[in-house]
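Thanks for coming, everyone. Let me put the structure on the screen, and then we'll walk through it.

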Amino acid sequence: MIRFVTFDFWDTLVTDSPENLRAQRALRVAAIRSALRDAGAPVSEVEAEEIHERSGAALAERFWSLNRDPSREEQLRIVLDTGRPGIAARLDPAAFAAALDDYISPVLAHPPDLCPGADRAVRELAARGVALGIVSNTGRTPGVILRRVLERYGLLGYFSAISYSDEVGVRKPEAQIFRVTLARAGVTAGEAVHIGDNPAADVIGAQGVGMRAAHYTAAFRQPSAEADLVIADLGTLAEEVFRIAPGKAGG
């Protein structure tokens, strides 16, 4: 019996445009530049853009490529110290908090769109008595902000167990982020289905802990051969998810 369905966030519940991504990046670069100026180390816009790129490479090497994630505070310290080693410690707590808010919030100024059918999928599953959760990796935008995106669309209240990687400390496909979510929901892996767009992170990751997995292919991905369900239209998820054969997922 399926009692719990978890969703990936990016390219499953919401999707972003190239224009939005550029606008968000510009605001984040401006936040980096402002923070360094307040710390007494002003840089040009070009240098701030370079710091943004180099810090992204550092985060990928030290964390993301290892399926780990720093907290949002640690991420900002890494970003600022990429520009000037040790500079983050020169910001007093109030200035650091202001810099952090500016750094993590550009998505709120340029919010992503809901994926087609996502609203219907969430509401129809909830109406059927299925508990809902989110298991999602983050990047520059942490879970505290992504919750506000869901709230903007009136969906946050439908999710009883939410695990973002910057809060858990690990990223999909690591088992821990799925297990933490199952524990929060009070269900077993065999009672749960995860849906997401990434065959490795979402399908293999979920199946690795014994959940069943649905592959959402609208983001122009080839259907996963390992998925328990392949779905191109989220609007049909509430019907299709109950057709998954029990006990098919790996353990």
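Which residues does His52 touch, not counting residues up to four places away in sequence? The answer is Arg25, Arg28, Val29, Ile32 and Arg140. Keep in mind that this is a predicted model.

So where is His52? His52 sits in helix H2. Its relative accessible area is 7%, under the 20% cut-off, so His52 counts as buried.

H2 covers residues 45-62, which makes 18 residues. At 1.5 Å a residue, H2 should span 26 Å. The end C-alpha atoms of H2 are 25 Å apart, which agrees. Which residues of H2 are buried? They are Ala48, Ile51, His52, Ser55, Gly56 and Leu59. Look down the axis of H2: those buried residues fall within an arc of 135 degrees, so they line one face of the helix. On the other side of H2, Val46 and Glu61 are exposed. And what covers the buried residues of H2? The cover includes helix H1, residues 18-38, and helix H3, residues 72-83.

On to H1. H1 has 21 residues. From first C-alpha to last, H1 reaches 30 Å, close to the 30 Å expected at 1.5 Å a residue. The buried residues in H1 are Asn20, Gln24, Arg28, Val29, Ala31, Ile32, Ser34, Ala35 and Leu36. Recall Arg28, Val29 and Ile32: these are among the residues that His52 touches. The cover over the buried residues of H1 includes H2, H3, helix H4 (93-104) and helix H5 (106-109).

Now the empty space. Rolling a probe the size of a water molecule over the atoms shows where such space is left.

How many cavities of 30 Å³ or more are there? The count comes to one. The largest cavity holds about 40 Å³ of space. Its lining is Pro70, Arg72, Gln75, Tyr103, Thr138, Gly139, Arg140, Thr141, Pro142 and Asp166. By class, that lining divides into three nonpolar, four polar and three charged residues. Note Arg140 in the cavity lining; Arg140 is also one of the residues that His52 touches.

The largest pocket has about 320 Å³ of space. There are 14 lining residues, and the closest to the pocket centre are Trp10, Leu21, Gly139, Arg140 and Thr141. So which element gives the most to that lining? H1 does, with four residues. The lining of the largest pocket divides into four nonpolar, five polar and five charged residues.

The second largest pocket has about 210 Å³. Its lining is Asp8, Trp10, Asp11, Ser136, Asn137, Arg171, Lys172, Asp197, Asn198, Ala201, Asp202 and Arg221.

Most residues other than glycine have a negative phi, and most peptide bonds are trans. Now for the exceptions.

Take Asp11. Phi of Asp11 is near 60 degrees, a positive value in a residue other than glycine. Asp11 sits in the loop between strand E1 (4-7) and strand E2 (14-15). At 31% relative accessibility, Asp11 counts as partly exposed.

Then Lys172. A cis peptide bond joins Lys172 and Pro173, with omega about 10 degrees. Pro173 is in the loop between helix H8 (165-168) and helix H9 (175-185).

Asn67 is another one to check. Asn67 is not a glycine, yet its phi is positive, about 60 degrees. Asn67 lies in the loop between H2 and H3. Just after H1, Gly40 takes a positive phi too, about 85 degrees.

Last stop: Gln222. Is Gln222 buried or exposed? At 68% relative accessibility, Gln222 counts as exposed. Gln222 lies in the loop between strand E7 (212-216) and strand E8 (229-231). The C-alpha atoms of Gln222 and Ala109 are separated by 32 Å, and the two residues are 113 residues apart along the chain.

That's the tour. Over to you for comments.

Technical notes:
Residues numbered from 1 in each chain as written. Predicted model: local features only at pLDDT ≥ 70, side-chain atom pairs only at ≥ 80, totals over all residues. Heavy atoms only, no water. Helix = DSSP H or I, 4+ residues; strand = E, 2+ residues; numbered from the N terminus. Expected span 1.5 Å × (residues − 1). Buried < 20%, exposed > 50% of the residue type's maximum accessible area, 1.4 Å probe, protein only. Arc of directions from axis to C-beta. Contact = heavy atoms within 4.5 Å. 1 Å grid on protein atoms, 1.4 Å probe; cavity = no way out; pocket = protein on both sides within 12 Å on 5 of 7 lines; lining within 4 Å. Points joined across faces, edges and corners; volume = space filled by probe spheres on them. Nonpolar A, V, L, I, M, F, W, Y, C, P; charged D, E, K, R; others polar.
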